[in-house]
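Me: I am new to this structure and would like to go through it by question and answer. Please show it to me.

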Amino acid sequence: MYANRWDRLVRGFTGRHGSASSWTAVCKQRTVSLQKPRPSVTCHTSARSVDPDELRRFQSLASKWWDDHGEFAALHALNDLRVPFIRDNLLNVHRTRVRGKPLGGLRILDVGCGGGLLTEPLGRLGADVLGIDPVGDSIGTAKLHSSVDPDLRDRVRYRACTLEEISAEREGGSREEQGAAQFDAVVASEVVEHLADLQTFGPSCIHVLKPGGSLFITTINKTNLSYALGIVVAEQLLRIVPRGTHDWEKFISPVELERLLESSGFSVQSVRGMLYNPASGLWSWTDSTAINYALHAVKVSDEPAADQAEGRAEEAHN
């Protein structure tokens with residue numbers, strides 16, 4: 001009954017009609033041992049896009065990623081939408097032939113992976129997935145959780161670092177290293193609204209993607225409704241997520257995000273609205289992007305649009 005009432009309330013706003021605790025304790029006890037640095041995978045966590053306040057906030061929650069009734073319950077439920085969204089769009093481009101593993105042979109970079117909530121299901125679909133996050137304790141939790149599943153052992157890896165550092169490694173490496181570092185897809189789910197500098201995000205994604213590679217983003221629109229439901233209701237009244245998790249000033253509209261991505265060399269293929277019902281704990285697709293939305297873009301150029309325009313101007317002048 002309450003689920004139906006919530007659906008009617010939110011759809012009216014948007015114009016549409018129609019045992020976890022024990023796992024958290026284990027993570028706290030064993031995460032530290034899994035974070036011992038290995039020379040081949042260690043990297044720094046300082047970057048322009050990283051907000052120190054966000055790091056501290058997620059550091060305090062690092063052991064709680066796999067509590068599907070806790071602070072990240074909505075992210076667990078979001079897999080019902082984002083995993084098929086990523087899979088189906090990739091299959092439209094790549095026709096893999098691995099039986100039972102539709103993403104077999106594809107390399108995916110999961111940016112801001114946290115405890116691996118999205119990294120693991122992508123790995124189970126056959127993809128070779130690298131999950132990265134600047135919070136070392138979250139990476140420890142991710143490694144611990146994936147270590148108990150032999151199906152993920154050769155498909156999922158984690159590193160405590162940032163997207164900019166992955167991009168810089170590719171730029172600074174040899175031609176062979178650059179080729180090996182490219183990805184078929186970059187995923188940034190519920191990440192861009194936590195970044196300190198969005199201007200570096202698009203170019204960094206371009207650098208690590210293969211030609212024609214895909215970028216998948218889920219995030220929150222910057223509207224009065226997203227403030228009312230995403231912050232006032234979700235954080236302050238219902239406490240679906242911890243208070244202070246989101247900063248409305250960092251939210252971005254689909255139009256603005258599309259502009260930023262296209263200026264970096266992407267072509268946006270689709271944008272779909274998403275709706276979370278806290279009464280049922282389920283997500284659904286919606287025609288409205290007023291609150292949450294998912295975006296799929298494809299790399300069409302290695303050069304930012306401004307550089308291309310400047311190059312065309314020089315050619316015309318000559």
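Reply: A residue counts as buried when its relative accessible area is under 20%, and as exposed when that area is over 50%. The model shown here is predicted.

Me: Is Cys113 buried or exposed?
Reply: The cut-off for buried is under 20% relative accessible area. Cys113 has a relative accessibility of 6%, so Cys113 counts as buried.

Me: How many disulfides does the structure hold?
Reply: A disulfide needs a pair of cysteine sulfur atoms within 2.5 Å. For Cys113, the nearest cysteine sulfur belongs to Cys161 and is 9.1 Å away, and Cys113 is in no disulfide. For the structure, the number of disulfides is zero.

Me: Is Cys205 buried or exposed?
Reply: Cys205 has a relative accessible area of 0%. Buried means under 20%, so Cys205 is buried.

Me: What share of the residues of the protein chain count as buried?
Reply: The protein chain has twelve helices and eight strands, and exposes about 15500 Å². Its residues number 318, and the share that count as buried is 50%.

Me: How far does helix 4 reach from its first C-alpha to its last?
Reply: Helix 4 covers residues 73-93, which is 21 residues. At 1.5 Å a residue, 30 Å is expected, and the reach is close to that, at 31 Å.

Me: At which residue does helix 4 bend?
Reply: The buried residues of helix 4 include Leu78, Asn79 and Leu81. Helix 4 bends by about 40°, and the residue at the bend is Asn79.

Notes. Residues numbered from 1 in each chain as written. Predicted model: local features only at pLDDT ≥ 70, side-chain atom pairs only at ≥ 80, totals over all residues. Heavy atoms only, no water. Buried < 20%, exposed > 50% of the residue type's maximum accessible area, 1.4 Å probe, protein only. Helix = DSSP H or I, 4+ residues; strand = E, 2+ residues; numbered from the N terminus. Areas by Shrake-Rupley, 256 points an atom, 1.4 Å probe, with all protein chains shown as cover. Expected span 1.5 Å × (residues − 1). Bend = angle between axes of the 7 residues up to and from the residue.
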